[in-house]
Every structure is written in C-alpha cells, then in structure tokens.
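Please look at the sequence and the model before reading on.

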Amino acid sequence: MKLNLKRPLAFFDLEATGINVGADRIVEIAVLKEMPDGTEVVKTWRVNPEMPIPLQTSLIHGIYDEDIADAPTFKMLATEIADFIGDSDLAGYNSNKFDIPMLLEEFLRAEVDFDMTERKFVDVQNIFHQMEQRTLKAAYKFYCQEDLVNAHAAEADVIATYKVLLGQLEMYKETEFESKQGVKSIPVVNDVDALHTFTNINKPVDFAGRLVYNDLDEVCFNFGKHKGKTAQQVFAVEPSYYAWMKNGDFPLYTKKKLDEEWAKFNARKNENKTPKPPQNPSAPRPQFKKPQPKPEKPAEPINTDMLEQLKMKFGK
C-alpha cells in the first residue's frame with residue numbers, strides 16, 4: 001500500500017540518555033522521509049550528548065559513551081537535520097509524548113527555529129493503543145506477521161514503525177471506532193489529516209502535555225492547581241504563575257508556548273485600557289492663580305456686650 005500524502009511525511013525515532021525531556025539529550029536520530037510519489041529516503045545520525053549515558057540506558061539501546069565520543073553535537077547537526085526534514089509532517093511511535101518534545105528541546109538549545117505551526121503529526125502508538133494496546137515489538141508481529149530484529153536500534157525501530165502504520169491502514173480501513181463520548185467513526189484511513197486528528201488525543205500545545213487545547217481551542221493548563229483553566233483566566237487572577245513556570249524546571253518549548261499566551265494576555269489587557277487624549281505640545285498650558293491671603297480685619301474695641309458674653313461662657 002502507498003501512503004496518500006499531500007506533502008512529505010517524516011517518520012523519526014530518537015535514542016537518548018534518558019526520558020527526561022528537559023534534562024536528557026539525544027544520542028541517535030533516524031528519519032525515514034516518505035515522499036508523495038512513494039520514494040523513501042532514510043538518514044541516521046549519531047550524536048554526542050555532551051553528558052554521560054547511564055549504563056541502564058545503554059543496556060536498552062546499545063549505545064555507550066565510547067560509541068559517540070567522536071560524534072558531532074546536536075548543535076553541529078541541527079541545521080542539517082532541520083533541512084532534511086524540511087516542511088514534512090511528522091510521524092513516530094510515542095512521538096507526541098517523547099520524540100517530538102525531545103527534538104524541539106534540542107532545536108531550541110541549538111537556536112534553530114523549527115516551526116511546528118503548519119505541520120501534522122501522526123503518533124502510530126496512539127492508533128495501536130486505542131485499537132489493540134501493545135508494544136512496538138508486538139505491534140510489528142501483529143500487523144506485519146514478522147519478528148522485529150534489533151529492536152531499540154533507531155533505524156530498525158523507525159522502519160518497523162513505518163511498516164506498522166501501513167499494516168494498520170490495511171487492517172482498520174473499514175473498522176468502526178467508538179470514542180469515550182459515544183461518537184462512532186472510521187478513523188484509521190489513508191489520510192494524514194485524519195490520522196493527525198485521531199492520534200492527537202489530548203490536543204497538546206507544547207507536546208510535553210503541560211498545555212493543551214480545550215474543546216473551544218483555548219490553551220489550558222493540564223497539571224497542578226490550575227488544571228483545566230485557560231491560561232488567560234489564570235494570568236488574570238494570578239499573573240505570578242507565569243513567572244513561576246518560567247523559572248521552573250519545564251521544557252524550553254513549554255516555556256516558548258507559555259510566552260506566546262503571556263504576550264496575548266498583555267496585548268488584550270492593553271487593548272482594554274482607556275487611551276489618554278493626546279497632548280498638543282504647542283497648546284498654551286492652563287494658568288493657575290495662586291490663592292490670595294484674606295485681608296486681616298482690624299481689632300474691634302472691647303464693649304459691654306463682649307464682656308457679658310465672656311462672663312456667661314466662663315461663669316464669672
């Protein structure tokens with residue numbers, strides 16, 4: 001089966017020093033770029049993370065410190081990787097929760113502007129988990145009737161992910177799905193826009209899941225005491241929450257999207273201010289007269305009436 005694409009779709013997979021998006025670093029990235037005409041290009045980069053790889057992580061993906069000691073850093077590769085992906089839509093396995101946030105974090109550290117505004121992103125794991133709930137290895141066996149050899153090597157995993165999506169499209173092309181809200185549809189179709197809608201369950205804003213869109217497409221917090229509230233509501237009653245997040249241990253891309261909401265909040269606040277009338281510098285300034293002291297009355301001579309009033313007041 002050939003994917004029905006309007007523009008390139010880049011399947012990608014990352015291996016890293018760990019799973020903390022804000023603190024860990026990429027050690028390997030593989031990209032399979034599927035073109036609308038059906039041609040495919042695969043490219044893999046080893047990356048020096050500039051930090052030690054924990055042994056327990058190396059035991060999973062098989063990449064050790066000595067393997068990437070002479071590899072270029074991500075900053076050295078960032079422009080090349082961004083150019084290779086180009087304006088492609090993105091696809092991966094668990095990519096919405098891990099690979100995309102991690103990649104964006106690395107691009108921001110490298111000061112490379114990787115615009116996500118117009119891209120679609122297809123998380124193959126979300127199709128799988130909603131329809132079957134399995135791991136990538138089981139998914140490959142289930143959809144492709146083959147054993148996945150060399151699992152957790154980035155290139156093997158990304159090729160497997162691509163083949164799993166093709167198998168899903170074939171298996172579920174006429175399968176009805178009922179959402180938690182009771183809405184029935186046939187969501188797994190050969191169309192990236194439809195797959196984007198189906199696999200982006202929580203409508204993330206920052207991909208790390210700290211900010212999400214609600215049903216009105218408003219940006220909301222998805223954690224902590226303000227979970228479910230819009231950013232604009234929170235900033236109006238607790239503007240210090242913005243500063244707390246900016247100084248906190250949140251991913252750089254989360255902070256970037258937070259900055260955008262903060263800018264919108266301040267722009268609206270300034271629009272609602274009553275503008276002061278413009279001043280004409282050439283207009284004469286109003287002249288204010290100094291208050292004049294009241295003239296003092298001359299002292300009146302003491303008479304009989306005044307003496308009587310004093311006697312009544314003091315009882316003498």
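The model is predicted: local features need pLDDT of at least 70 and side-chain atom pairs count only at pLDDT 80 or more, while totals for chains, interfaces and linings use all residues. Residues are numbered from 1 along each chain as its sequence is written, and side-chain values use heavy atoms, with hydrogens and water left out.

**Pockets**

Rolling a probe the size of a water molecule over the atoms shows where empty space is left. On a 1 Å grid over the protein atoms alone, a cavity is a set of points where a 1.4 Å probe fits but cannot get out, and a pocket is an open set with protein on both sides within 12 Å along at least five of seven lines; lining residues have an atom within 4 Å of a point. Grid points are joined across faces, edges and corners, and a volume is the space filled by probe spheres set on the points. In the classes used below, Ala, Val, Leu, Ile, Met, Phe, Trp, Tyr, Cys and Pro count as nonpolar, Asp, Glu, Lys and Arg as charged, and the others, Gly among them, as polar. Helices (H or I, at least four residues) and strands (E, at least two) are DSSP runs, numbered from the N terminus.

The largest pocket has a volume of about 1,200 Å³. Its lining holds 42 residues, and those nearest the centre are Thr197, Asn200, Ile201, Lys203 and Pro204. At least two lining residues come from each of helix 7 (192-199), helix 8 (231-237) and helix 10 (252-271); helix 10 has the largest share, seven residues.

The second largest pocket has a volume of about 580 Å³. It is lined by 23 residues, with Asp13, Leu14, Glu15, His152 and Asp157 the closest to its centre. Two or more lining residues are given by each of several elements, including strand 1 (9-16), helix 1 (55-61) and helix 3 (95-109). Strand 1 provides the largest share, four residues.

| Pocket | Nonpolar | Polar | Charged |
|---|---|---|---|
| Largest pocket | 16 nonpolar residues | eleven polar residues | 15 charged residues |
| Second largest pocket | nine nonpolar residues | eight polar residues | six charged residues |

Helix 3 has 15 residues, which at 1.5 Å a residue should span 21 Å, and its end C-alpha atoms are 19 Å apart, which agrees; the expected span is 1.5 Å times one less than the number of residues. Is this helix enclosed or open? Twelve of the 15 residues of helix 3 are buried, so it is largely enclosed by the rest of the structure. Here buried means under 20% relative accessible area, exposed over 50%, and partly exposed in between (1.4 Å probe, protein chains only). Among the buried residues of helix 3 are Phe98, Met102, Leu104 and Phe107.

Asn94, in the loop between strand 4 (89-92) and helix 3, has a positive phi near 65 degrees although it is not a glycine. Asn94 counts as partly exposed, at 23% relative accessibility. After helix 3 comes Glu111, whose phi is also positive, near 60 degrees.

There is one cavity of 30 Å³ or more, and the largest cavity has a volume of about 40 Å³. Its lining consists of Leu104, Phe107, Leu108, Val112, Phe114, Tyr253 and Lys256. Helix 3 gives the most to this lining, with three residues. By class, the cavity lining has six nonpolar residues, no polar residues and one charged residue.

**Aromatic rings**

Rings of Phe, Tyr and Trp (its six-membered ring) pair if their centres lie within 6.5 Å; planes under 30 degrees apart count as stacked, over 60 as edge-to-face and the rest as tilted. The count by this rule is 21 aromatic pairs. The rings of Phe207 and Tyr253 form a tilted pair, because their centres are 6.0 Å apart and their planes are at 35 degrees. Phe207 lies in the loop between helix 7 and strand 8 (211-213) and Tyr253 in helix 10, so the pair ties together parts 46 residues apart in sequence. Phe207 is buried at 5% relative accessibility, and Tyr253 is buried at 7%.

The rings of Phe221 and Phe223 have centres 6.3 Å apart and planes at 80 degrees, so this pair is edge-to-face. Both Phe221 and Phe223 are buried. Ring pairs link Phe221 and Phe223 into a cluster with other residues, among them Trp244 and Trp262.

Arg210 lies over the face of Phe223, at 5.0 Å from the ring centre; a charge sits over a ring if NZ of Lys or CZ of Arg is within 6 Å of the ring centre and within 35 degrees of the ring normal.
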